[in-house]
Amino acid sequence: MNTLHAPTVPSGPTTAPTANGNATQLTIAELQRKKDMVEGELKALGGVLDSHGVDMNTNLLTPDGFPRADIDVAQIRTTRARIIHLRNDWKDLMGTIEKRLHEHFASLEDGDDETPAPISADTSVLRDSVPETLGQPFAKVNSVVDNSPAASAGLQAGDLIRNFGYVSLENHDGLKKVAECVQGNEGQNILVKVSRSGGGSQPQELRLTLTPRRNWGGRGMLGCHILPL
């Protein structure tokens, strides 16, 4: 995919890696970030089903057993399969997080004289207690249309995209997941992390809020052209 003016979701199999493949080697903060990514993708995929007017149980066949012609049956089936896969990943991640939290609290209780500060069961506290690791850029903004959602968000030509919602270098799948994220989040805010050269020795690291929408006066829901690196 060389353009995101009209994002679509692929009807073929996904190549995204398993969300919790190395979960046993991750910190609690890293596990939490993976959980957030899985939840973000599930939300976007739910939006894809909503855009077709179906859910996980809607019948995709006509009464005589043929695929319905009023919907994209192949896309819906692929989306449903991905949702089932991610739901299983989410359950595994939650189980691993719960186990690691128990181990963490047990290690604090075993301390001799140290009295640790109370730690909330909300793992976002642990997540915020460590510096954020910048992901590697996976795409570049080639152009931005004036008065578009991308322009309103502050995106500029030349920006290197590190994260687009739940999408990163690890799972962007040739920008297919970016298109999926856009389609599933119409009218909702998406956090976009970009690196921008400002002429100094260090690039600027920016966190922008992009809201995909139709009827802004141009093509697609973004108004920008994004290329994979």
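What does the pLDDT of the chain average, and what share of the residues score at least 70? This is a predicted model, so that is where I will start. The average is 77, and 78% of the residues reach at least 70.

Helix 4, residues 149-153, has the highest mean, at 93, while helix 3, residues 124-128, has the lowest, at 37. Over residues 1-21 the pLDDT is below 50, although the model gives this stretch 57 contacts beyond near neighbours in sequence. Residues 112-131 also stay under 50. For residues 112-131 the model has 21 contacts beyond four places in sequence. Where pLDDT is low, the predicted coordinates should not be read in detail.

Next, the overall layout. The chain has five helices and five strands. Reading from the N terminus, the order is α-α-α-β-α-β-α-β-β-β. Of the 229 residues, 38% count as buried. The accessible surface of the chain is about 12,600 Å², and carbon and sulfur atoms account for 49% of that. As for contacts between residues at least 6 apart in sequence, 69% of them join residues at least 24 apart.

Now the strands. Strand 3, residues 190-196, pairs with two others that I want to show. With strand 2, residues 160-164, the pairing is antiparallel and runs over four bridges.

Last, helix 5, residues 176-184. Is this helix largely enclosed or largely open? It is largely enclosed by the rest of the structure, because eight of its nine residues are buried. The cut-off for buried here is under 20% relative accessible area. The buried residues in helix 5 are Lys177, Val178, Ala179, Glu180, Cys181, Val182, Gln183 and Gly184. Note that the list includes Lys177 and Glu180.

Residues 1-21 and residues 112-131 are the stretches I mentioned with pLDDT below 50.

Key:
Residues numbered from 1 in each chain as written. Predicted model: local features only at pLDDT ≥ 70, side-chain atom pairs only at ≥ 80, totals over all residues. Heavy atoms only, no water. Buried < 20%, exposed > 50% of the residue type's maximum accessible area, 1.4 Å probe, protein only. Contact = heavy atoms within 4.5 Å. Areas by Shrake-Rupley, 256 points an atom, 1.4 Å probe, with all protein chains shown as cover. pLDDT = per-residue confidence, 0-100. Pairing = 2+ DSSP bridges.
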